Amino acid sequence: MTQTSHSTQPGMAENVAGLLCYVLGWVTGLIFFLIDKRPFVRFHAAQSMVVFGGLQLINIIVGVMFGAGLVLTHGFGAFGLGWVLYSVISLIAFVLWILLMVKAYQGEKFHVPVAGDIAQNLASK
């Protein structure tokens, strides 16, 4: 296996493990958080859980709020706004997904505002 200058252990390179933390969002983040103890990988795993878990939670809340508004008002105005918010959140998630995988593969410890600080605290525990 190849190794980066960051890794002295045999096995998967840190940058590849960091990239894989983001592949399936918070799910792969959780897996790598539990199995890999290297600080670089733990940070990216924690950031994946915080960013994509948080975005998924926001999407669920938006869906419930605007879905309930649709039922209660018998109108589609609330549904349209909910769809726009859901689309914007999904676009943000897609851009972050690509950006974070590229940065991790490049060996950078890129911090997403707010989520990066939470992830750093989680990873250091």
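**Notebook: patches, rings and salt bridges**

I began with the surface. Val23, Leu24, Trp26, Val27, Leu30, Ile31, Leu34 and Ile35 form a nonpolar patch there, with about 730 Å² of accessible area together. I noted the rule: patches are made of residues with over 30% relative accessible area and no salt bridge, with nonpolar side chains (Val, Leu, Ile, Met, Phe, Trp, Tyr) joined within 5 Å and like charges within 9 Å. Accessible areas come from the Shrake-Rupley method with a 1.4 Å probe, and for residues only the protein chains shown count as cover.

I wrote down what I was working with. This is a predicted model, where local features need pLDDT of at least 70 and side-chain atom pairs count only at pLDDT 80 or more, while totals for chains, interfaces and linings use all residues. Residues are numbered from 1 along each chain as its sequence is written, and side-chain values use heavy atoms, with hydrogens and water left out.

**Entry: Leu24 and helix α2**

Where is Leu24 found? I located Leu24 in the loop between α1 (14-20) and α2 (26-35). Helices are DSSP runs (H or I, at least four residues), numbered from the N terminus. Leu24 has a relative accessible area of 60%, so I marked it exposed. The cut-offs are: buried under 20% relative accessible area, exposed over 50%, partly exposed in between (1.4 Å probe, protein chains only).

Next I checked α2 itself. Thr28, Gly29, Phe32 and Phe33 are buried in α2. Down the axis of α2, the buried residues fall within an arc of 140 degrees, so they line one face of the helix. The arc is that of the directions from the helix axis to the C-beta atoms. Leu34 and Ile35 are exposed on the other side of α2.

I also looked at what sits by Phe33. Arg42 lies over the face of Phe33, at 4.1 Å from the ring centre. The test is CZ of Arg or NZ of Lys within 6 Å of the ring centre and within 35 degrees of the ring normal.

**Entry: aromatic pairs**

How many aromatic pairs does the structure hold? I found 2. Rings of Phe, Tyr and Trp (its six-membered ring) pair if their centres lie within 6.5 Å; planes under 30 degrees apart count as stacked, over 60 as edge-to-face and the rest as tilted.

Tyr22 and Phe52 have ring centres 6.4 Å apart and planes at 75 degrees, so this pair is edge-to-face. Tyr22 lies in the loop between α1 and α2 and Phe52 in helix α3 (residues 39-73), so the pair ties together parts that are 30 residues apart in sequence. Tyr22 is buried, at 0% relative accessible area. Phe52 is buried too, at 9%.

Phe94 and Trp97 make a tilted pair, 6.0 Å centre to centre with 40 degrees between the planes. Both lie in helix α4 (residues 77-105), 3 residues apart, about one turn of the helix. I listed Phe94 as partly exposed at 48%, and Trp97 as partly exposed at 28%.

**Entry: salt bridges**

I counted 2 salt bridges. The rule is a side-chain nitrogen of Lys or Arg within 4 Å of a carboxyl oxygen of Asp or Glu. Asp36 and Arg38 meet in one, at 2.7 Å from N to O. Asp36 is buried at 10%, and Arg38 is buried at 9%. Lys103 bridges to Glu108, with the closest N and O atoms 3.4 Å apart. Glu108 is partly exposed, at 33%.

Terms used. Helix = DSSP H or I, 4+ residues; strand = E, 2+ residues; numbered from the N terminus.
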